[in-house]
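Here is a short tour of one model, meant to be read with the structure open beside it.

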Amino acid sequence: MDVRLELQVIPKRINFKYLGSVIQGNREIDENDTHYIGVGWMKWRLVSGVLCDKKVPPIFKSKFYRVVVRPAMLYGAEYWLVKNSYIQKMKVAEIRMLRWKCRHTRMDKIKNEDILEKVGVAPMDDKMQKVRFKWLGHMRRRSPDVPIRMCERLALADMRRGRGRPKKYWGEVIRQNMVRLHISKDMALDRKAWRSSIKIVG
């Protein structure tokens, strides 16, 4: 069925941008993931004069990175469908930025874990886990009368599985993470206790 605005037919779109996120018709986030990695690099270039300046203290550089660059890459990560390939792309992009900031190359043969420890930044997958938990706590505490956004519906939807290896959907990943951290959804009703239980340094 065509959608019309008076006599004009509105063209169908395979994907579109909604509140800064790319929504795909196939419920994947490949383009969204690539988009936010590009946004992160754009922020990096804007502030590279500070992050690569030898006169700026390393502690200030790390804090500046965590406040300016990383949030741009993780915008909307609260309700992303989780795939190891997406997380790996984000981790690769971040490590490249941090190696550049530390003036190290792959030829220096320094492990990624050592780079993260040096700059005081938590691993990308741990940070993505934290933002998912923060959003879960927000969803548990808010009034049931508050409308749910489209991107939130996609994350919470009980989608049927197709052929091949099962995908890890948002709810399944949350349940696995809660089992690993020995926490439950009911703890989210206490904001202070919930924040303490999901706290990640860096």
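## A tryptophan cluster

Trp-41, Trp-44 and Trp-100 come together as one aromatic cluster. Before going further, note that this is a predicted model, in which local features need pLDDT of at least 70 and side-chain atom pairs count only at pLDDT 80 or more, while totals for chains, interfaces and linings use all residues. Residues are numbered from 1 along each chain as its sequence is written, and side-chain values use heavy atoms, with hydrogens and water left out.

The structure has six aromatic pairs; rings of Phe, Tyr and Trp (its six-membered ring) pair if their centres lie within 6.5 Å, and planes under 30 degrees apart are stacked, over 60 edge-to-face, the rest tilted. One of the pairs is Trp-41 with Trp-100, tilted, with 6.3 Å from centre to centre and 45° between the planes. This pair links distant parts of the chain, since Trp-41 sits in helix α1 (residues 30–51) and Trp-100 in helix α3 (residues 84–102), 59 residues apart. Helices (H or I, at least four residues) and strands (E, at least two) are DSSP runs, numbered from the N terminus.

Trp-44 and Trp-100 also form a tilted pair, at 5.8 Å centre to centre and 45° between the planes. Trp-44 belongs to helix α1 and Trp-100 to helix α3, so this pair ties together parts 56 residues apart in sequence. Trp-44 is buried at 0% relative accessibility and Trp-41 is buried at 12%, whereas Trp-100 is exposed at 51%.

## Two nonpolar cores

A nonpolar core is a set of buried Ala, Val, Leu, Ile, Met, Phe, Trp, Tyr and Cys residues joined through side-chain atoms within 4.5 Å. The largest one has 31 residues, and Tyr-65, Val-69, Met-73, Met-90, Met-97 and Leu-98 touch the most other members. Two or more residues each come from α1, α2 (58–73), α3, α4 (112–119) and α5 (124–141).

Leaving aside neighbours within four places in sequence, Leu-98 is in contact (heavy atoms within 4.5 Å) with Tyr-65, Ile-115, Leu-116, Val-119 and Val-121.

## Two loop residues

Glu-6 is not a glycine, yet has a positive phi of about 60°. Glu-6 lies in the loop between β1 (3–5) and β2 (8–10) and is exposed at 78% relative accessibility.

His-182, too, is a residue other than glycine with a positive phi, near 60°. His-182 is found in the loop between α7 (170–181) and α8 (191–197), and is exposed with a relative accessible area of 71%.

Key: Buried means under 20% relative accessible area, exposed over 50%, partly exposed in between (1.4 Å probe, protein chains only).
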